[in-house]
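Please look it over first, and then follow the account below.

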Amino acid sequence: MIRIKELRKLFKTRYGTVAALQGIDLDVNEGEFCVLLGPSGCGKTTTLRCVAGLEKPDKGEVEIGGTLVSSSEAGVYVPTEKRDIGMVFQSYAIWPHMNVSQNVSFPLTQGQRRVPKNLVAKKVREALGLVQLNGLEDRPATDLSGGQQQRVAMARAMVTEPKILLMDEPLSNLDARLREQMRIELKKITRSIGVTTLYVTHDQAEALSLGDKVCVMNEGEILQIGHPHEVYSHPANLFVAQFVGEMNFITGKVTGTGQVDSPLGRLRCPVPPGCQTGKQVTLGIRPEHLTLFHPPNQNAEAVEGRIITKNYLGDAALLEVEAKGLNLMVKLPGDSDFTVGQQALIVLPPDRWHVYT
Ligand SMILES: Nc1ncnc2c1ncn2[C@@H]1O[C@H](COP(=O)(O)OP(=O)(O)O)[C@@H](O)[C@H]1O
Ligand SMILES: [Mg+2]
């Protein structure tokens, strides 16, 4: 439904040229919810704006629903209003001088997507129903809470029934609790209407929970594309491992097949084939894959440590454990009885290590 090929975008600024996109390739299938995830400045918004037709790429192609809408090579550039898209931004960009219904009906009464007058009310009603704002039609936009304004922006983006929905950090202005509620709702809504969605966020939890497909970006490039579970359980490189979820990192040196010497001692771990003895590597392991035992305990894959801090989270507890001069984060069930100052054995399961060269 959306095809992005070799997309490049440069910005000329007073300080020099910024390569915002350095050759992006991405396919979003029909009905798919695809999330662009990455740190601030990595090129997420620029990618979205190129798809929307708000930014003219220097190189590459964009296709929407099988139609070429942007190609520097072929000299094609379809303007925004002729692309079949709905957009939602972080700043809701709803009109303060209009009421809810006027805001939502705006794209139906102006411009390319106008519909016959007698259909407007029905479409507005349906769109407001989707975001559960029925009954607020006559409310001035300024009398709405942040969450309600965001819903109006969503209804307005969807009222024309666009082929694709583009959303740029739409939840980041909401408080934490509302953000989580809206996250669940947003997924339900886009599912129920089957709209193809390209969604931008810098929040990895949001990306993992929303995406059918997550696309991790850094410095104008895509580093990994995959199902959220794939990205979380097999980060393709050190950057993705650092950016998505929590991970402990230690450095070491390969000393044999499946074996690395590290400050924690000799560790068994899945060293990639072709990685020679003597090679420096970084090992990563997630806090939830480490477990603690009270000593003494005979376990070949364990090291002794001491609990430095404990952060109780209700359903879980995050402990910082010092072992051989390193601090490791360990995630335990909330009811575990380990306390600060105690000695503990940290079990390091060999198959849970990620090895980066
Ligand atoms: N209009 C612009 N003029 C100059 N530089 C820009 C412009 N828009 C974006 N950039 C730069 O391009 C890079 C990518 O920006 P952006 O796509 O907004 O990142 P993100 O949305 O991931 O935070 C950044 O270095 C940013 O400063
Ligand atoms: Mg942005």
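The residues of the shell around ligand 1 divide into four nonpolar, seven polar and one charged, where Ala, Val, Leu, Ile, Met, Phe, Trp, Tyr, Cys and Pro count as nonpolar, Asp, Glu, Lys and Arg as charged, and the others, Gly among them, as polar. The model is predicted, and local features need pLDDT of at least 70, side-chain atom pairs count only at pLDDT 80 or more, and totals for chains, interfaces and linings use all residues. Residues are numbered from 1 along each chain as its sequence is written, while chains are lettered from A and ligands numbered from 1 in the order in which they are written.

**The ligand shell**

The residues that surround ligand 1 are F11, T13, V18, A20, G38, S40, G41, C42, G43, K44, T45 and T46, a residue being near a molecule if its C-beta atom, placed from the backbone, lies within 6 Å of it. At least two residues of this shell are supplied by each of strand 1 (2-13), strand 2 (16-28) and helix 1 (44-52), and helix 1 gives the largest share, three residues. Helices (H or I, at least four residues) and strands (E, at least two) are DSSP runs, numbered from the N terminus.

**Helix packing**

Helix 2 (residues 100-109) meets helix 4 (residues 146-158), and helix 2 also meets helix 3 (residues 117-130). The table gives the geometry of both pairs, with axes as lines fitted to C-alpha atoms, for helices over the stretch in contact, and angles from 0 to 180 degrees between N-to-C directions.

| Pair | Axes come within | Crossing angle |
|---|---|---|
| Helix 2 and helix 4 | 7 Å | roughly 30° |
| Helix 2 and helix 3 | 10 Å | roughly 125° |

The angle of the pair with helix 4 makes helix 2 roughly parallel to helix 4, since angles under 35 degrees count as roughly parallel, over 145 as roughly antiparallel, 65 to 115 as roughly perpendicular and the rest as oblique. Their contact is made by V100, N103, V104, F106 and P107 of helix 2 and V152, A155 and R156 of helix 4, two residues being in contact if their C-beta atoms, placed from the backbone, lie within 7 Å. By class, this contact has six nonpolar, one polar and one charged residues.

The angle with helix 3 makes helix 2 oblique to helix 3. Here S101, V104, S105, L108 and T109 in helix 2 meet V120, K123, V124, A127 and L128 in helix 3, and the residues of this contact divide into six nonpolar, three polar and one charged.

**Domains**

The domain assignment, automatic or from a database, gives domain 1 (2-243) and domain 2 (248-356). Their C-alpha centres lie 39 Å apart, and four residues of domain 1 are in contact with four residues of domain 2. On the side of domain 1 that touches domain 2, three residues are nonpolar, one is polar and none is charged.

**Backbone details**

Most residues other than glycine have a negative phi, and most peptide bonds are trans. Q132, in the loop between helix 3 and helix 4, has a positive phi near 55° although it is a residue other than glycine. P295 and P296 are joined by a cis peptide bond with omega about 0°, and P296 is placed in the loop between strand 16 (291-293) and strand 17 (302-312).
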